[in-house]
Amino acid sequence: MSEVVKSRTDTRTAIVEAAAALLHESGPGAVTTRGVAERAGVQAPAIYRLFGDKDGLLEAVAEHVLAAFVAGKAAGMAAATASDVDPLDDLRASWHRQIDFGLANPAVFRLLSDPERVRGSAAARMGREVLETRVHRLAAAGRLRVPEPHAVALIQAAGVGTIQTLLATPPEHRDPALGDSMMEAVLARILTDAPAATPDGPRATAVALRAVAPQLETLTASERHLLIEWLDRITETQA
């Protein structure tokens, strides 16, 4: 890496980290060009040159903070998978970390609640992929009674709604049980504890088989495609 490129990268990192610290400590109002420049030890024009304007800087900061958090989630999931941690326990632990992150980083959460920003966020996409993998583990274990995409959407919507509700409530009036109650409500909708002994048994079995169908090498590609089509038809049937 050339010295010029390295210097540009180092400057960008210093600015983002300085802005992230100010955002966390005092909110978006504290992220001024002067304040960030002083904290990062750079000249103010460097901020405009690298980020365009304050909104561009805030977007970079939100991405930086979320990327670090998601990297931790991915590492936790990899460790849970390697240690064969129960997928439901892993999902619950991840849910609690997500709620805690949102409450600890309200400014970042609000920035990333903008649908336009979420669509363009690589970190947000990675976070969804981590959640999809966690849900896939549940499906492969025969624990889901709804299609995987539906379960992912429910969990994500519930998480965003829970954090928004808590942030909109003064800390002294927040319901400490809200997060757990919402998680249990979602789990009651998407899970089945005994697939073979409940009316949802066929669907749960289909969801579990659908999770591993792409890896069934004993079938031809055409056969796998047809099997997946049949299983999707079963799992999409409303109870």
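Reply: Start with charge: Lys and Arg count as positive and Asp and Glu as negative, while His and the chain ends are not counted. The place of a charge is taken as NZ of Lys, CZ of Arg, CG of Asp or CD of Glu. By that count the protein has 25 positive and 30 negative side chains, and the centres of the two sets lie 3 Å apart.

Me: What kind of model is this?

Reply: This is a predicted model, in which local features need pLDDT of at least 70 and side-chain atom pairs count only at pLDDT 80 or more, while totals for chains, interfaces and linings use all residues. Residues are numbered from 1 along each chain as its sequence is written, and side-chain values use heavy atoms, with hydrogens and water left out.

Me: How many helices and strands are there in the protein?

Reply: Helices (H or I, at least four residues) and strands (E, at least two) are DSSP runs, numbered from the N terminus. Here the protein has 12 helices and zero strands. Its C-alpha atoms fill a box of roughly 65 × 50 × 35 Å, taken along the principal axes.

Me: What share of the residues in the protein is buried?

Reply: Buried means under 20% relative accessible area, exposed over 50%, and partly exposed in between (1.4 Å probe, protein chains only). Of the 239 residues in the protein, 40% are buried.

Me: Which residues of helix α2 are buried, and which are exposed on the other side?

Reply: An α-helix has 3.6 residues a turn, so residues three or four places apart point the same way. In α2 (residues 33-40), the buried ones are V36, A37 and A40. Seen down the axis of α2, these fall within an arc of 100° and so line one face of the helix; the arc is that of the directions from the helix axis to the C-beta atoms. On the other side of α2, R34 and E38 are exposed. Just after α2 comes G41, with a positive phi of about 75°.

Me: Which residues have the most contacts inside the largest nonpolar core?

Reply: In soluble globular proteins, nonpolar side chains tend to be buried together. A nonpolar core is a set of buried Ala, Val, Leu, Ile, Met, Phe, Trp, Tyr and Cys residues joined through side-chain atoms within 4.5 Å. The largest one here has 35 residues, and I15, V36 and L57 have the most contacts inside it. Helix α4 gives the most to this core, with 11 residues. A second, separate core of 25 residues includes W95, A158, I163 and V186.

Me: What does L57 touch?

Reply: Contact means heavy atoms within 4.5 Å. Not counting residues up to four places away in sequence, L57 touches I15, A19, V31, V36, I47 and F51.

Me: Is L91 buried or exposed?

Reply: L91 lies in helix α5 and counts as buried because its relative accessibility is 3%. Leaving aside neighbours within four places in sequence, L91 is in contact with L131, R134, L138, I155 and L187.

Me: Where is D84, and is D84 buried or exposed?

Reply: D84 sits in the loop between α4 and α5. With a relative accessible area of 64%, D84 is exposed. Its phi is near 55°, a positive value in a residue other than glycine.

Me: Where is N105, and is N105 buried or exposed?

Reply: N105 is in the loop between α5 and α6. At 14% relative accessibility, N105 counts as buried. N105 touches H24 and V65, not counting residues up to four places away in sequence.
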